[in-house]
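The sequence and coordinates are shown first.

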2 protein chains.
Amino acid sequence: MQSVRVELGERSYDVVVGSGLLRDIGRQLSELTSFRRCALVVDQAIATTHGEAVRRALAASGFTVCEASFFASEENKNLHALEEICRTLLARDTARNTPLIALGGGITGDTAGFASAVYQRGTPFVQVPTTLLAMVDSSVGGKVAVNLDGSKNMIGAFHQPKRVLIDIDTLATLDSRELRCGLAECLKHGIIGDADLFSWTRERLPRLAALDPGSVQELVARNVAFKAAVVARDETEQGERALLNLGHTFGHAIEGCGGATRYKHGEAVAIGIAAATHFAVSRKLCAPEVLTEIESTFVAAGLPVRLELAATDSELIAEMYKDKKTKQQNLTLIVPRKIGECTMLRGVADAEVVRSWEYVRRADLTSNEG
Amino acid sequence: MQSVRVELGERSYDVVVGSGLLRDIGRQLSELTSFRRCALVVDQAIATTHGEAVRRALAASGFTVCEASFFASEENKNLHALEEICRTLLARDTARNTPLIALGGGITGDTAGFASAVYQRGTPFVQVPTTLLAMVDSSVGGKVAVNLDGSKNMIGAFHQPKRVLIDIDTLATLDSRELRCGLAECLKHGIIGDADLFSWTRERLPRLAALDPGSVQELVARNVAFKAAVVARDETEQGERALLNLGHTFGHAIEGCGGATRYKHGEAVAIGIAAATHFAVSRKLCAPEVLTEIESTFVAAGLPVRLELAATDSELIAEMYKDKKTKQQNLTLIVPRKIGECTMLRGVADAEVVRSWEYVRRADLTSNEG
């Protein structure tokens, strides 16, 4: 077991990474509250597996649990689901000092976290992510949100958890495609600011795919530490934190234009990073070899870097303008300069972006992806 | 025109109080943003009066306005209304750096303010309150929220405005009953922590009822300064700020038990303060003369201090337990020790509270209230 501190002044917290942590949740929660009540929002898909382990551990430590079940899907990540969670809390007289635990992937964490942020103007929040993507990305940093009419994360808050508990054993039951989506975010972290993490991850892809415990724990801890450092320097995304959106403006556009049924989030981001890197190469901000290295690594990790989608370029670009990073009328992109360094470009012209969309639609890498 | 600073570190802001400020809103907003776009959420009831003045002033300063109309009522202060506001913002491609102006009373400010708090995880917020109650209470301090299934302010956030613009001219069109509700909160401030403000207000009740401009501006500025000082010392209600809830645990119970149709918020709070003061007297924390002085002042201000409601005591008490200040199983009350000093009582027994409910049901003061 190891612990990574997220330094945010009086909102600082620990991310605990290890094996068997679900069984330890009662003791962990006891460190955070003197009360013996908590709320638990759990993804329906794991309510009988991990949910049962958590329930037993909480009961063993004497906790009374108000449980709200949540059907985790992008469609259900909305204000109605938020209201249902709050309604369950209210019906059980849940007070504002009662900790709320989110158990599940990123969608569960984002929705339950937003409920925790706004129920009675904010309750103590504990993240227990069960997917690699949520472990290394959404569960750290306090961004919580729901979607609005298909626009992702349009309504939300910054609400830091009191603790994040990452039990790497939960990855054993994770779909391998979901695991690869988590790897996409880890590789993204390397590209943004840690060349050594990128090459370390690339070398260990086979061991990570086989869920070698030592490698998985190191992967999670390193990526949590990377993200924690970025968040500590820029909690509310005034500057540097925006770099974490590498690939996301393109990726969200793919998801918003009907790609969400074909691609999972990490897959859309992988294609988005390829598009953003192409953009950087075409602007001569980045060497063509970087694009090759990024694409070959993603392909080795089993991730797509080419887009197959019926949406037109203009539909995709219109969707990019909905992105929250867009200030007024200008499109903003995060692009790599090299592995380990990214930069933000403002006022990007649509015509330039079109060329990068055209690039990721080419079929030249399809044979390597199989 | 005068200005009161709310000191909250990097979230500090000015509350500007004066005459003719609606016409000055374009210039005021220009001090806060370099962009020439803003969002305006306006209470339907004043859309053609004050709304038109604000629209003209914004247009004169070159602002493009995305306007969302809102039907302000306790029933409509919910997540659905919030979603509709956010939907309007999204449809007009409103970005996260676009200021949102709330124009109306407390319900409009609370709902629009919550939309501003969560749309794209937070946008710059400007409060333009048009009722006395909103001017001296809800528009200062950053508490924003909507109701859930009849439970007041159950879903919300702390979201400080960038500026509060109080145009006292808007009170000229305010219903006199609404004006009295604002006076209830002013008198409450005096009871909590400013005996001089209490006696000053009491002496000027006739001039305030006649909307003497000098008296009204001083009333608003003094009460804003009082609340600003409390909020500066305790932004997120960990301690002292809870004292502002004097009368509100009783008052919210009255509103929650069907009293909202009979009593306006300030009226329910006035009865609630009478009940809380009776509680303090019965505990010998407060002299009986204080209760007499408070009640006679409220009556002089045209406010009720006796309850006429079909709800039973046990229904009222059950409603009190829904109050957000209630920690776990104990009822918490704010009560006066004297004019200018209040205290918080935890772990109050239901049987004691019943006696204070019985007290405010007595008919002894009815003749004075007419």
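Predicted model: local features only at pLDDT ≥ 70, side-chain atom pairs only at ≥ 80, totals over all residues.

## Interface between the chains

The contact (heavy atoms within 4.5 Å) takes 36 residues from chain B and 36 residues from chain A. Between them, chain B and chain A bury about 3400 Å², with 56% of it on carbon and sulfur atoms; buried area is the accessible area (1.4 Å probe) that two parts lose on being put together, summed over both. Of the interface residues of chain B, 100% are also interface residues in chain A, so the copies meet through the same surface.

Across this interface the rule finds 2 salt bridges, a salt bridge being a side-chain nitrogen of Lys or Arg within 4 Å of a carboxyl oxygen of Asp or Glu. Asp149(B) and Arg87(A) meet through their side chains in a salt bridge, at 2.6 Å from N to O. The rule also finds 9 residue pairs in polar contact across the interface of chain B and chain A, both residues being at pLDDT 80 or more. A polar contact is a pair of N or O atoms within 3.5 Å; within protein, one must be able to donate a hydrogen and the other to accept it, and residues adjacent in sequence count only if both atoms are side-chain atoms. On the side of chain B that touches chain A, helix H3 (79–91), helix H4 (106–118), strand E7 (143–148) and strand E8 (151–158) of chain B each supply at least two residues. E8(B) gives the most to that side, with 7 residues. Helices (H or I, at least four residues) and strands (E, at least two) are DSSP runs, numbered from the N terminus.

Residues are numbered from 1 along each chain as its sequence is written, chains are lettered from A and ligands numbered from 1 in the order in which they are written, and side-chain values use heavy atoms, with hydrogens and water left out.

## Salt bridges within the chains

Over all chains, the count by this rule comes to 57 salt bridges. In chain A, the side chains of Lys77(A) and Asp110(A) form one at 2.8 Å, N to O. Lys77(A) lies in the loop between strand E4 (64–70) and helix H3 (79–91) of chain A and Asp110(A) in helix H4 (residues 106–118) of chain A, so the pair ties together parts that are 33 residues apart in sequence. Lys77(A) counts as buried at 3% relative accessibility, and Asp110(A) counts as buried at 8%. Buried means under 20% relative accessible area, exposed over 50%, and partly exposed in between (1.4 Å probe, protein chains only). In chain B, Lys77(B) forms a salt bridge with Asp110(B), the closest N and O atoms being 2.8 Å apart.

Arg11(B) and Glu235(B) also form a salt bridge, with 2.4 Å between the closest N and O atoms. Arg11(B) lies in the loop between strand E1 (2–6) and strand E2 (13–18) of chain B and Glu235(B) in the loop between helix H9 (213–233) and helix H10 (248–259) of chain B, so the pair ties together parts that are 224 residues apart in sequence. Arg11(B) counts as partly exposed at 40% relative accessibility, whereas Glu235(B) is buried, with a relative accessible area of 16%. In chain A, a network of salt bridges links Asp24(A), Arg27(A), Glu31(A) and Arg163(A).

## Surroundings of Asn223(A)

Asn223(A) is placed in helix H9 (residues 213–233) of chain A and counts as buried at 0% relative accessibility. The side chains of Asn223(A) and His189(A) are joined by a polar contact of 2.9 Å. The side chain of Asn223(A) also reaches the backbone oxygen of Leu219(A) at 2.8 Å. Not counting residues up to four places away in sequence, Asn223(A) touches Val136(A), Cys186(A), His189(A) and Leu197(A).

## Helix H12 of chain A

Helix H12 (residues 288–300) of chain A has 13 residues and reaches 19 Å from its first C-alpha to its last, close to the 18 Å expected at 1.5 Å a residue. The expected span is 1.5 Å times one less than the number of residues in the helix. Buried residues in H12(A) include Val290(A), Leu291(A), Ile294(A) and Phe298(A). Gly302(A), whose phi is positive, near 80°, follows H12(A).
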